[in-house]
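The following note is intended for a colleague who is opening this structure for the first time. Please read its numbered points beside the sequence and the model.

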Amino acid sequence: MITDTFFYSYFRSLRVVDKEVTLVDKDLLKFLKLEELVLSANRIKEVDATNLPPTLKVLELYGNEISSMECLCARPPAGLQHLGLGHNKLLGPLESLYVTADHWPNLVSLDLGFNDLTDLQSMVASLRTLRHLRLLVLQGNPLALVPYYRGLTIDSLAQLCVLDDITVSPNEKHLFRGLSLNGDLLAQEAQFVVTIGNLRGVLDTSVLDPEPGPEGPFVAYSYYVTYDFVRDEEGEADEDTGELAEIVKPSPSLELLVEESPEEVGEDVIKDIVGGVTEEVEGSLESEAEESGESELSVISGPSTILQTPRASAEELAKLRLRIDPRLCPSPGTVLFSTTHKPWAEVIPCSYEMQHSLRDLVPLKAFLLAGTTVTIVEEKILSWPVVLPAVDSPLSAKRGKGEKDKKGKEKDRKGQGEKEPAKEWKVPKKKKEPPKELRQDPPILQVLGRGLVILEPLLAGEPLVATVCNFGTVRTLTSDRLTLARVQPGPSHILHLCLRPPHRNPAGKQGLRA
């Protein structure tokens with residue numbers, strides 16, 4: 001009894017989700033009353049709009065592989081009210097040409113979120129022609145990373161009611177009034193500020209080092225935090241932009257000595273600001289010697305520094321069998337930044353703040369999806385006194401001559417019967433020792449803690465990301481030695497004092513015998 005005519009005229013909604021659909025063919029036109037078509041999470045790269053039923057009001061193509069909307073604009077359904085193209089691969093400034101009223105005259109809701117759209121001004125100008133548009137989603141695109149994104153969009157689209165699933169309030173409309181008039185003057189760049197405050201719980205390794213002798217070595221420890229951030233190709237090409245100040249680049253060759261640690265440890269939080277959005281890093285380290293720690297980060301101004309490289313030549317370093325820890329190298333497409341090197345303390349103040357301004361927004365989106373890696377590094381430098389070769393100076397020869405002349409005069413006086421003058425007792429003067437020159441070995445780096453900080457919420461429109469990463473307990477060779485030294489009883493240093501009553505001595509004076 002169910003004929004093809006009844007079957008195709010019955011359905012008003014068709015959902016084919018995650019079925020690896022690759023092609024929308026003309027047989028879809030057999031559904032004469034179809035109003036909703038959902039083909040999300042498939043493998044569709046193009047959709048021939050001539051194969052879509054003209055009765056469609058809702059078309060959802062989320063999570064496919066569509067790279068351009070051009071294919072949908074050949075003969076789109078005139079009555080379409082909702083178009084969902086989120087989580088595809090839409091890319092390029094020409095995509096704004098396909099979201100005008102010429103193609104979608106009755107469109108009420110449009111979702112283009114989480115694509116690779118970059119030109120906000122062109123997109124907004126095209127969307128302004130959609131008179132019925134009330135709901136719009138653009139978050140997740142690189143264009144939404146600029147600080148004026150929401151304000152410019154709201155002021156340009158006066159009829160808009162909901163932007164990125166957030167209701168547009170009258171207060172927002174009043175606050176951003178007139179911003180679209182100056183849209184051409186706004187810089188198309190995203191801004192981030194990374195701040196790192198205090199670091200707690202770092203194990204003091206110097207307690208295990210013996211006291212240095214006169215010949216050294218003298219050991220110096222310092223601690224710092226590194227993180228990687230996306231490289232701005234456009235900003236670096238322009239010399240006047242000054243973006244990505246003080247880039248810390250990875251070592252191009254074997255130039256750093258690195259100690260390996262069995263386990264990665266530490267606890268960090270990173271706080272990042274995107275146009276007034278803060279990203280914070282807190283770190284903590286715990287040792288088996290029951291030393292717990294945490295890192296408190298506040299927004300405090302502080303310069304960034306370039307990772308120090310050893311002064312020795314490459315040939316000398318090659319003789320030392322160098323090992324590079326891959327954890328100290330940035331990810332591809334990123335550069336490494338570090339805080340100022342600080343000595344050990346219970347609370348190590350990093351006081352770091354760095355602003356990043358980036359114009360290349362597509363790699364920035366990929367970086368935010370991947371996250372940044374924060375690393376706590378201990379740097380150990382051994383210094384040795386420089387031994388200077390002994391050189392005979394002319395002054396010493398003159399002094400020797402003078403002493404011989406004095407001895408000869410004294411002999412003459414004795415032969416003539418003269419009395420020797422009384423000797424004057426002189427306090428010997430301490431010779432001023434010149435400051436010793438020290439030569440430094442290449443720094444030995446050890447990773448104390450390392451972890452990934454998720455930044456994807458910033459891409460989804462979150463104003464603040466604060467994440468605490470617990471890296472567990474510090475298990476290194478030095479911490480094990482320290483723990484063992486504390487558990488095993490060492491040699492005792494006891495002062496024995498015996499007091500006896502005073503007694504009379506032959507002189508009649510009292511004394512104390514101990």
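1. Cys329 counts as partly exposed, because its relative accessibility is 34%; here buried means under 20% relative accessible area, exposed over 50%, and partly exposed in between (1.4 Å probe, protein chains only). Cys329 sits in the loop between α6 (314-319) and β16. From C-alpha to C-alpha, Cys329 and Asp228 are 8.8 Å apart in space, although 101 residues apart in sequence.

2. Two remarks on the basis of this note are in order. The model is predicted, and local features need pLDDT of at least 70, side-chain atom pairs count only at pLDDT 80 or more, while totals for chains, interfaces and linings use all residues. Residues are numbered from 1 along each chain as its sequence is written, and side-chain values use heavy atoms, with hydrogens and water left out.

3. As to the chain overall, there are 10 helices and 25 strands; helices (H or I, at least four residues) and strands (E, at least two) are DSSP runs, numbered from the N terminus. The chain has 514 residues, of which 41% count as buried. Its accessible surface comes to about 30300 Å², with 54% belonging to carbon and sulfur atoms; accessible areas come from the Shrake-Rupley method with a 1.4 Å probe, and for residues only the protein chains shown count as cover. Among contacts (heavy atoms within 4.5 Å) between residues at least 6 apart in sequence, 73% join residues at least 24 apart.

4. Which residues does Thr334 touch beyond its neighbours within four places in sequence? Thr334 is in contact with Asp228, Phe229, Val230, Arg231 and Phe367. Thr334 belongs to strand β16 (residues 334-338) and is buried, because its relative accessible area is 8%.

5. A nonpolar surface patch of about 540 Å² is made by Ile2, Phe6, Phe7, Tyr10 and Phe11. Patches are made of residues with over 30% relative accessible area and no salt bridge, with like charges joined within 9 Å and nonpolar side chains (Val, Leu, Ile, Met, Phe, Trp, Tyr) within 5 Å.

6. Helix α3 (residues 149-156) is mostly covered, with eight of its eight residues buried. Arg150, Thr153 and Asp155 are among them. What covers the buried residues of α3 includes α2 (120-127), β6 (135-137), β7 (162-163), β8 (166-167) and α4 (170-175).

7. Helices α3 and α4 deserve a joint look. The side chains of Glu172 and Arg150 meet in a salt bridge (2.7 Å, N to O), a term for a side-chain nitrogen of Lys or Arg within 4 Å of a carboxyl oxygen of Asp or Glu. Glu172 lies in helix α4 and Arg150 in helix α3, so the pair ties together parts that are 22 residues apart in sequence. At 17% relative accessibility, Glu172 counts as buried; Arg150 counts as buried at 17% relative accessibility. His174, found in helix α4, is exposed, with a relative accessible area of 51%. His174 and Asp155 are 8.7 Å apart in space, C-alpha to C-alpha, and 19 residues apart in sequence.

8. How many salt bridges does a search of the whole structure find? The search finds seven. One of them joins the side chains of Asp116 and Lys365 (3.0 Å, N to O). This pair links distant parts of the chain, 249 residues apart, with Asp116 in the loop between β5 (109-111) and α2, and Lys365 in helix α7 (residues 361-370). Lys365 is buried, with a relative accessible area of 9%. Lys30 forms a salt bridge with Asp27, the closest N and O atoms being 3.8 Å apart. Lys30 counts as partly exposed at 39% relative accessibility, and Asp27 counts as partly exposed at 39%.
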